[in-house]
Amino acid sequence: MTTRWLTPDEQRAWRAYVAATHLLEDALDRQLQQDAGMPHLYYSILATLSEAPERRLRMTELAEALKITRSRLTYAVTRLEKDGLVGREGCPSDRRGSIAVLTGQGMTVLERTAPGHVETVRRRLFDRLSPEQVAQLEEICTAIRGAAEDDDVPWLRRS
């Protein structure tokens, strides 16, 4: 099989994408560590649970929503449980399953942290884009996500 090397245009686009995503993720992590003492993933768990019915989701559904492995989610939820931000319940319809539950304390932390998080996202991303570019970004990211999901779904992997 012959390697299909990136063209110069593709190489520049790839490197810009990698740099941008790393810098954005770093900025979000720093802001969330400063404001809430947690990484972006933990904040995302709280935010996703806050939007779920009764602030509860099966762990497998939560892993799918976050696009992460079940083992990574289990580790993160265990840490959030120790801090009293998330609880875990048995699944009534499946004894092997468990449900992650956002606690009142977790909701309080999320509400306190959300304004700074949104401001960081706006300042680092959306304030620099025109409305047309925002639409293009959504279209591009949706295409990338679709291609990645076709190949490998992280929430089905153990690690």
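Modeller: Going from the N terminus, the elements of the protein chain run α-α-β-α-α-β-β-α-α. That gives 6 helices and 3 strands. Keep in mind that this is a predicted model.

Colleague: What share of the residues of the protein chain counts as buried?

Modeller: Of its 159 residues, 28% do. The C-alpha atoms fill a box of roughly 55 × 40 × 25 Å along the principal axes. The chain exposes about 10,900 Å², and carbon and sulfur atoms supply 53% of that.

Colleague: Why are α3 and α4 called roughly perpendicular?

Modeller: Look at the angle. The axes of α3 (residues 59-66) and α4 (residues 70-82) cross at roughly 105°. The label covers 65 to 115 degrees, so the two helices are roughly perpendicular to each other. Their axes come within 9 Å.

Colleague: Which residues meet there?

Modeller: From α3, Met59, Thr60, Leu62, Ala63 and Leu66; from α4, Arg70, Leu73, Thr74 and Val77. By class, that contact has 6 nonpolar, 2 polar and 1 charged residues.

Colleague: What makes Asp9 and Arg12 a salt bridge?

Modeller: The closest N and O atoms of Asp9 and Arg12 are 2.2 Å apart. The cut-off is within 4 Å, so the pair qualifies as a salt bridge. Asp9 and Arg12 are 3 residues apart in helix α1 (residues 8-36), which means about one helical turn separates them.

Colleague: Why does Asp9 count as exposed?

Modeller: Exposed means over 50% relative accessible area. Asp9 has 54%, so it counts as exposed. Arg12, with 53%, is exposed by that rule too.

Colleague: How do you know which label Arg30 and Asp26 get for accessibility?

Modeller: Arg30 has a relative accessible area of 45% and Asp26 has 37%, so both are partly exposed. Arg30 also forms a salt bridge with Asp26, with the closest N and O atoms 2.8 Å apart. Both residues lie in helix α1, 4 residues apart, about one turn of the helix.

Colleague: What do Glu89 and Arg56 tie together?

Modeller: First the bond itself: their side chains meet in a salt bridge, 2.6 Å from N to O. Glu89 lies in strand β2 (residues 86-91) and Arg56 in strand β1 (residues 56-58), so the pair ties together parts that are 33 residues apart in sequence. Glu89 is partly exposed at 33% relative accessible area, and Arg56 is partly exposed at 30%.

Colleague: How many salt bridges does the structure hold?

Modeller: It holds 4, and the pairs we went through are among them.

Colleague: Is Thr120 buried or exposed, and what makes it so?

Modeller: Buried means under 20% relative accessible area. Thr120 has 4%, so it is buried. Thr120 lies in helix α5 (residues 104-124). Leaving aside neighbours within four places in sequence, Thr120 is in contact with Ala27, Leu28, Gln31 and Leu125.

Colleague: And across the chain, what share of contacts with a separation of 6 or more comes from residues 24 or more positions apart?

Modeller: Such residues account for 58% of those contacts in the protein chain.

Definitions and conventions
Residues are numbered from 1 along each chain as its sequence is written. This is a predicted model: local features need pLDDT of at least 70, side-chain atom pairs count only at pLDDT 80 or more; totals for chains, interfaces and linings use all residues. Side-chain values use heavy atoms; hydrogens and water are left out. Axes are lines fitted to C-alpha atoms, for helices over the stretch in contact, and angles run from 0 to 180 degrees between N-to-C directions. Angles under 35 degrees count as roughly parallel, over 145 as roughly antiparallel, 65 to 115 as roughly perpendicular and the rest as oblique. Contact means heavy atoms within 4.5 Å. Ala, Val, Leu, Ile, Met, Phe, Trp, Tyr, Cys and Pro count as nonpolar, Asp, Glu, Lys and Arg as charged, and the others, Gly among them, as polar. Buried means under 20% relative accessible area, exposed over 50%, partly exposed in between (1.4 Å probe, protein chains only). Accessible areas come from the Shrake-Rupley method with a 1.4 Å probe; for residues, only the protein chains shown count as cover.
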